[in-house]
Amino acid sequence: MGAPALVVEQNAMVNAAGTRNSPILFTSAVAEKNLPREGLWGGLIILGNAPVFGGTTTIEGLTTGGSYGGNDEDDSSGVLQYVRVWYGGSVIGQDNEINGITFGGVGRGTLVDFIEVAFNLDDGVEFFGGTVDAKHVSVLFAGDDGVDTDQGYQGRLQYVFVVLGENSNHGAEMDGPNNDDEDVPLRSFPQMYNAVFIGHINNDPNPASSDDTEAAVMRLREGTGGLFGNIIITN
């Protein structure tokens with residue numbers, strides 16, 4: 001493992017059930033006087049058995065283990081509710097990073113509601129395939145993209161709020177298999193409703209690691225479709 005991180009492996013369960021008045025905070029032990037600061041630890045990685053383009057594979061950011069993906073669309077990895085992840089993120093190498101919260105092949109049986117990632121070195125929240133739905137997703141000042149979907153992600157996102165910093169990349173980056181074959185079996189198809197993306201008026205993207213720096217607050221790339229509604233994009 002390239003940085004300290006909490007990994008929930010396939011067939012394991014996370015029970016992070018915070019409340020409105022007592023949210024769960026995953027953060028660094030660095031003294032408050034040295035904050036805010038990105039990249040002080042890894043992040044939260046959840047791995048499930050839901051479908052992923054290419055079948056079972058290994059999640060980025062880990063040097064051992066990390067298998068994810070399968071055939072169970074309704075797979076459950078537990079509960080992530082009223083959870084904050086601050087000051088994390090790690091770049092192991094080019095296109096090999098730990099995000100604030102990484103969902104790898106996580107199924108729709110998992111409850112994800114009221115999650116927040118702030119001051120992360122790489123993406124705030126990334127979905128590698130899977131079918132998990134997420135509501136009330138907040139990402140603040142990510143070093144790369146706020147929300148990233150790829151590898152055939154088929155879930156639904158609602159009530160999404162992303163604020164970009166001066167060096168952030170995209171508010172959302174969505175792609176899928178980098179394959180020109182029209183018959184590719186599992187293109188990404190996220191659904192997103194009720195979202196606000198706030199760019200930075202002096203934005204100059206400088207992500208620690210990214211394969212795409214095309215200027216855009218919301219960037220849809222190869223291999224993705226989707227349904228989108230009631231979305232506001234502004235500076």
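## An aromatic cluster

One aromatic cluster is formed by W86, Y87, F119 and F141. Two rings of Phe, Tyr or Trp (for Trp, its six-membered ring) form a pair if their centres lie within 6.5 Å; planes under 30 degrees apart count as stacked, over 60 as edge-to-face and the rest as tilted.

The structure is a predicted model, in which local features need pLDDT of at least 70, side-chain atom pairs count only at pLDDT 80 or more, and totals for chains, interfaces and linings use all residues. Residues are numbered from 1 along each chain as its sequence is written, and side-chain values use heavy atoms, with hydrogens and water left out.

Buried means under 20% relative accessible area, exposed means over 50%, and partly exposed lies in between (1.4 Å probe, protein chains only). Strands are DSSP runs of E with at least two residues, and helices are runs of H or I with at least four; both are numbered from the N terminus.

Strand β7 (residues 78-86) runs parallel to β11 and is joined to it by 7 bridges. Q81 has D113 in β11 as its bridge partner. Strand β13 (residues 134-140) also runs parallel to β11, with 5 bridges between them. Here A118 is partnered with L140 in β13. Two strands count as paired if DSSP finds at least two bridges between them.

A search of the whole structure finds 7 aromatic pairs. One of them joins Y82 and F114, whose ring centres are 4.4 Å apart and whose planes stand at 5 degrees, so the pair is stacked. Y82 belongs to strand β7 and F114 to strand β11, so the contact ties together parts that are 32 residues apart in sequence. Y82 is buried, with a relative accessible area of 17%, whereas F114 counts as partly exposed at 26% relative accessibility.

F103 and F127 also form a stacked pair, 4.8 Å from centre to centre and with 5 degrees between the planes. F103 lies in strand β10 (residues 101-104) and F127 in strand β12 (residues 125-128), so this pair ties together parts 24 residues apart in sequence. F103 is buried, with a relative accessible area of 1%. F127 is buried too, with a value of 1%.

## The second largest pocket

The second largest pocket has a volume of about 160 Å³. Pockets are found on a 1 Å grid over the protein atoms alone: a pocket is an open set of points with protein on both sides within 12 Å along at least five of seven lines, while a cavity is a set where a 1.4 Å probe fits but cannot get out. Grid points are joined across faces, edges and corners, and a volume is the space filled by probe spheres set on the points.

Lining residues have an atom within 4 Å of a point. For this pocket they are R20, P23, Y82, V83, R84, F114, I115, E116, H136 and S138. Strands β7, β11 and β13 each supply at least two residues of the lining. By class, the lining has 5 nonpolar, 2 polar and 3 charged residues. Ala, Val, Leu, Ile, Met, Phe, Trp, Tyr, Cys and Pro count as nonpolar, Asp, Glu, Lys and Arg as charged, and the others, Gly among them, as polar.

## Salt bridges

The structure holds 7 salt bridges, each defined as a side-chain nitrogen of Lys or Arg within 4 Å of a carboxyl oxygen of Asp or Glu. One of them links E73 and R108, with the closest N and O atoms 3.3 Å apart. E73 is in the loop between β6 (67-68) and β7, and R108 is in the loop between β10 and β11, 35 residues apart. E73 is partly exposed at 39% relative accessibility, and R108 is partly exposed at 38%. R108 also forms a salt bridge with D74, where the closest N and O atoms are 3.1 Å apart.

D175 and R221 meet in a salt bridge of 3.5 Å, N to O. D175 lies in the loop between β16 (172-174) and β17 (191-198) and R221 in the loop between β18 (218-220) and β19 (227-234), so the pair ties together parts that are 46 residues apart in sequence. D175 is buried at 7% relative accessible area, and R221 counts as buried at 16%. A network of salt bridges links E173, D175, R221 and E222.
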